[in-house]
Amino acid sequence: MPSVVQHCLDYLRAGDRLDTEGLFRKTGFRVVLEYCRDAFDNGGAVALDKVPRNDAVTVAALLKSWFSEMPEPLIPFYLYDAYDDIIIVIFILMIFVPLQ
């Protein structure tokens, strides 16, 4: 797993940060986001809990930006139709098959 993803997930899982309102909707502090992004891009590790003015929203924005800047999507384009079919099957199973 890439370092930036691991650091962000570790930070967000700590405490009650995942319960932050608007966690993946808000943008966070731009200056802190750029500082962290530059540090990770240059191969450094950032102690996210030590960065001034850092918060869960900014770390979530860092994680979102990493995924949005990937050269290829996590699910390749040629699998989109199959992915849609799988989601539909899962949804139908959830409705009609009782959990035991």
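Guide: One term before we start: contact means heavy atoms within 4.5 Å. Also, this is a predicted model.
Visitor: OK. Which residues in helix 2 and helix 3 meet?
Guide: On the helix 2 side they are Val32, Leu33, Cys36, Arg37 and Phe40, and on the helix 3 side Thr58, Ala61, Leu62 and Ser65. By class, this contact has 6 nonpolar, 2 polar and 1 charged residues.
Visitor: At what angle do the axes of those two cross?
Guide: Roughly 50°, and the axes of helix 2 and helix 3 come within 10 Å. Because of that angle, helix 2 counts as oblique to helix 3.
Visitor: Is the crossing of helix 2 and helix 3 right-handed or left-handed?
Guide: Helix 2 passes helix 3 in a right-handed crossing.
Visitor: You listed Ala61. Is alanine 61 buried or exposed?
Guide: Buried: the relative accessibility of alanine 61 is 8%, and the cut-off for buried is under 20%.
Visitor: What is alanine 61 in contact with, apart from its neighbours within four places in sequence?
Guide: Thr27 and Leu33.
Visitor: And how far is alanine 61 from alanine 82 in space?
Guide: The two are 29 Å apart, C-alpha to C-alpha, with a separation of 21 residues in sequence.
Visitor: Change of topic. How do helix 1 and helix 3 pack?
Guide: Their axes are 10 Å apart, at an angle of about 150°. So helix 1 is roughly antiparallel to helix 3, since over 145 degrees counts as roughly antiparallel. The crossing of helix 1 and helix 3 is left-handed.
Visitor: Which residues make that contact?
Guide: Helix 1 brings Val4, Val5, Cys8, Leu9, Tyr11 and Leu12, while helix 3 brings Ala56, Val59, Ala60, Leu62, Leu63 and Trp66. The contact of helix 1 with helix 3 has 12 nonpolar residues, no polar ones and no charged ones.
Visitor: What about the largest nonpolar core? How many residues does it have?
Guide: It has 19 residues, and those with the most contacts inside it are Cys8, Leu12, Cys36, Leu48 and Leu62. At least two residues of this core come from each of helix 1 (3–13), helix 2 (30–41) and helix 3 (56–68).
Visitor: Which helix gives the most to this core?
Guide: Helix 3, with 6 residues.
Visitor: Last one. What is leucine 48 in contact with, leaving aside its neighbours within four places in sequence?
Guide: His7, Cys8, Tyr11, Cys36, Phe40, Asn54, Val59 and Leu62.

Technical notes:
Residues numbered from 1 in each chain as written. Predicted model: local features only at pLDDT ≥ 70, side-chain atom pairs only at ≥ 80, totals over all residues. Heavy atoms only, no water. Core = buried A, V, L, I, M, F, W, Y, C linked by side-chain atoms within 4.5 Å. Buried < 20%, exposed > 50% of the residue type's maximum accessible area, 1.4 Å probe, protein only. Helix = DSSP H or I, 4+ residues; strand = E, 2+ residues; numbered from the N terminus. Axes fitted to C-alpha atoms, helices over the stretch in contact; angles between N-to-C directions. Parallel < 35°, antiparallel > 145°, perpendicular 65-115°, else oblique. Left-handed = near helix turned anticlockwise from the far one by under 90°. Nonpolar A, V, L, I, M, F, W, Y, C, P; charged D, E, K, R; others polar.
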